[in-house]
Amino acid sequence: MASDSEHLTGLWFDGQKYDRSTIDGNAELKPHLPVFTQTTQWLDSYFGGTDPGFTPPIRVECSDFKKMVTAIMLSIPFGTTSTYARIATEVARRTGRTHMSAQAVGGAVGHNPISLIVPCHRVLASDGGLRGYAGGVDRKEWLLKMEGVNMSGLTTAGDGGERRE
């Protein structure tokens, strides 16, 4: 976990892609911040298999586009999924554009510094593919199953595109 002392600014699986990306050389070890207590409560509830029902205070330092994608991801309910294309359509709607690239959304989703709480694991390819998770596709699949997502029809890039039943 990482914090600016008031907000959660990073939450990663050890060794994941972009691990500790929001921590600079001036970071200090302060394990007893209130935001870390709240985040731990959130994680305990989540890994207990229930929707925590709250979001600890978070801050994502990034472009307005990435902030919008983050806000949309935060609106994906526990136990459900969305797609890069649906998020792109919503970004286009909010910005008054006729089209937004799902690939651009994928880039923003893929650089999410607050894993789990900003639920990038709930974002799928339009064809049901589970690819594209910085924490690893196997972990993404496990998280979705833990949340009770119906996995039939979903695929992983590493399994030759075989359907999960």
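Predicted model: local features only at pLDDT ≥ 70, side-chain atom pairs only at ≥ 80, totals over all residues.
The side chains of the two residues meet in a salt bridge, with 2.8 Å from N to O, and the pair links distant parts of the chain, Glu147 lying in the segment after H5 and Arg122 in the loop between helix H4 (102-110) and S4, 25 residues apart.

Next I looked up the other salt bridges, and the count comes to 6. One of them joins Arg59 to Asp4, the closest N and O atoms being 2.6 Å apart; here Arg59 sits in the loop between H1 and helix H2 (64-74), while Asp4 sits in the loop between strand S1 (2-3) and strand S2 (8-10), 55 residues away. I found Arg59 partly exposed at 34% relative accessibility, and Asp4 partly exposed at 31%. Salt bridges that share partners join Asp4, Arg59 and Glu61 into one network.

I then turned to Arg93, which forms a salt bridge with Glu90. The two are 3 residues apart in helix H3, so about one helical turn separates them, and Arg93 is exposed, with a relative accessible area of 57%.

Which residues of helix H5 (residues 137-146) are buried? I noted Lys140, Glu141, Leu143 and Leu144. They lie on the same side of H5, because they cover an arc of only 165 degrees around the axis. These buried residues pack against helix H1 (34-47), helix H3 (84-95) and strand S4 (123-124). Just after H5, I saw that Gly148 takes a positive phi of about 85 degrees.

Last, I searched the whole structure for disulfides and found 0.

Note on methods: Residues numbered from 1 in each chain as written. Heavy atoms only, no water. Disulfide = S-S within 2.5 Å. Buried < 20%, exposed > 50% of the residue type's maximum accessible area, 1.4 Å probe, protein only. Helix = DSSP H or I, 4+ residues; strand = E, 2+ residues; numbered from the N terminus. Arc of directions from axis to C-beta. Contact = heavy atoms within 4.5 Å. Salt bridge = Lys/Arg side-chain N within 4 Å of Asp/Glu carboxyl O.
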